[in-house]
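Dear colleague,

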Amino acid sequence: MSKRPLIVIGGSSERSQETMGAFQEFPQVEACRLYSKFSAQPSSIEAIPTIIEKAVRCSIYGRPGACYVDIPADFVNLQVNVNSVKYVECCMPPPVSMAETSAVQLAASVIRNAKQPLLIIGKGAAYAHAEEGIRKLVEQCKLPFLPTPMGKGVIPDNHPNCVRAARSRALQFADVIVLFGARLNWILHFGLPPRYRPDVKFIQIDICAEELGNNVRPSLTLLGDINAVTKQLLEQFDKTPWQYPPESQWWKTLREKMKSNEAASKELASKKSPLMNYYTVFFCVQEQLPRDCIVVSEGANTMDIGRTVLENYLPRHRLDAGTFGTMGVGLGFAIAAAVVVKARHLGQRVICVEGDSAFGFSGMEVETICRYNLPIVLLVVNNNGIYQGLDADTWNEMLNAGDATVVAPPSCFLPNLHYEQIMTAFGGKGYFVQTPEELQESLKQSLADTTKPSLINIMIETQAMRKAQDFQWLTRSNM
């Protein structure tokens, strides 16, 4: 679903026991075929290299994706003559495809004539390493841009042309939207009204032909590698230089909305109460995060609010729960990222931001983190439940009314759980924090200590929520 190159090699029961009820017998190849670009079982040991080469090729050619290779149990102990193995060379790098010149020229013309343009930078742009070209296009043409969650960092979030703080307004009123490897799925509200103008023109850039026209008929399609197509667009604007007027009403509207939204977030962050809210937590964290850190995030409000406050300055430095929104992937993502960082001696820190519910899905992976002494700082934003929980007094009062299995909401957890003790149990460092000062000090210590992983258990208001959203788009006509 996230369209990333992945090869899964799985074991299966012996071929001689097929249909006999072998241990874990299951039609794995057929089952995986629904969810992968390529799924196969080698017919013999000699054929394994050929199958692996095709799996690699399928996973990285065109739109990347997952491939499955099934290895039967009886292959493990078989012996063959080495001369009979069908060795093949690794596939060539993926071919770089370019859009039709006439389509690129027309796209440049549509952008020039836009009254309220917007670029949306998706994870396809990050995967294509198109950051240099897209940044040049944004700065040369003075265009506003909006990153998707996994497109964050292709251009730094603190870039003056980034309008993520006015996301709803930008989407709702743009008259021309250029999609750089971004899908019009649920993350972008399917490209449909009322979140968009009925007459909005989409220019869709994607490496996958089948994606062009999903949910909305685009005005223009540019089929090709994102990096290559961006350079083609730049050539058009180099031939005939053009800039979108920085003093336009559109820029004024976006900047005003950004300013008001940022002020609202800062007001929430500075709100004085016995416990912190999400904004207080993330503003404290943002102040200390290294610019080159890798941010992993999962949860409900934790992930949604965190992506609006925690900034990314480099491409491919954010791992999100993804298109499928699967809870429990965060620690696995963090472990994978930390293994790469450690193996390549990059010296970066991996910051894994978890809601307490999300952490519960795979919290015991803390043992894996400690076993390999990985450079991970885990932040568990703890509100005693899913979306909202109960404080200790309310919880105890509720239990007086009857048995917990009857009276306790299933979305509420035991109050004030000490998740940090899971980390200390395995030899890492754990912190239980309740104030901004405690959070800042514990994060400072965790980042400074590169000898062992840390977990900071951050208590927040049980009823903390995101800031009020602007739902005026439901009734407003087009700008």
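In H9, the buried residues are Tyr278, Tyr279, Thr280, Val281, Phe282, Cys284, Val285 and Gln286; buried means under 20% relative accessible area, exposed over 50% and partly exposed in between, with a 1.4 Å probe and protein chains only. Helices (H or I, at least four residues) and strands (E, at least two) are DSSP runs, numbered from the N terminus. The model is a predicted one, in which local features need pLDDT of at least 70 and side-chain atom pairs count only at pLDDT 80 or more, while totals for chains, interfaces and linings use all residues. Residues are numbered from 1 along each chain as its sequence is written, and side-chain values use heavy atoms, with hydrogens and water left out.

Because eight of its 11 residues are buried, H9 is largely enclosed by the rest of the structure. Its buried residues pack against H8, H10, strand S11 (350–355), strand S12 (376–382), helix H17 (436–448) and strand S14 (454–459), where contact means heavy atoms within 4.5 Å. The N-terminal end of H9 is capped by Asn277, a side-chain oxygen of which lies 2.9 Å from the backbone nitrogen of Tyr279. A polar contact, here and below, is a pair of N or O atoms within 3.5 Å; within protein, one must be able to donate a hydrogen and the other to accept it, and residues adjacent in sequence count only if both atoms are side-chain atoms.

**Packing of H9 and H10**

Two packed helices are described by the angle between their axes and the distance between the axes. For H9 (residues 278–288) and H10 (residues 301–309), the angle is about 45° and the axes are 10 Å apart. Axes are lines fitted to C-alpha atoms, for helices over the stretch in contact, and angles run from 0 to 180 degrees between N-to-C directions. H9 and H10 are therefore oblique to each other, since angles under 35 degrees count as roughly parallel, over 145 as roughly antiparallel, 65 to 115 as roughly perpendicular and the rest as oblique. On the H9 side, Tyr278, Tyr279, Phe282, Phe283 and Gln286 meet Asn301, Thr302, Ile305, Gly306 and Val309 of H10. The residues of this contact comprise six nonpolar, four polar and no charged; Ala, Val, Leu, Ile, Met, Phe, Trp, Tyr, Cys and Pro count as nonpolar, Asp, Glu, Lys and Arg as charged, and the others, Gly among them, as polar.

**Individual buried residues**

Glu298 lies in strand S9 (residues 294–298) and is buried at 0% relative accessibility. A polar atom of the Glu298 side chain lies 2.7 Å from the backbone nitrogen of Gly328, and one lies 2.9 Å from that of Gly330. Beyond four places in sequence, the contacts of Glu298 include Met303, Val353 and Ala358.

Ser39, in strand S2 (residues 38–40), is buried with a relative accessible area of 7%. A polar atom of the Ser39 side chain lies 2.8 Å from the backbone oxygen of Val29.

Ser248 is in the loop between helix H7 (226–239) and helix H8 (249–269) and is buried, at 14%. The side chains of Ser248 and Tyr244 are joined by a polar contact of 3.2 Å.

Ala126, in helix H4 (residues 123–127), is buried at 1% relative accessibility. Leaving out residues up to four places away in sequence, Ala126 touches Met150, Val154 and Arg316.

Yours sincerely
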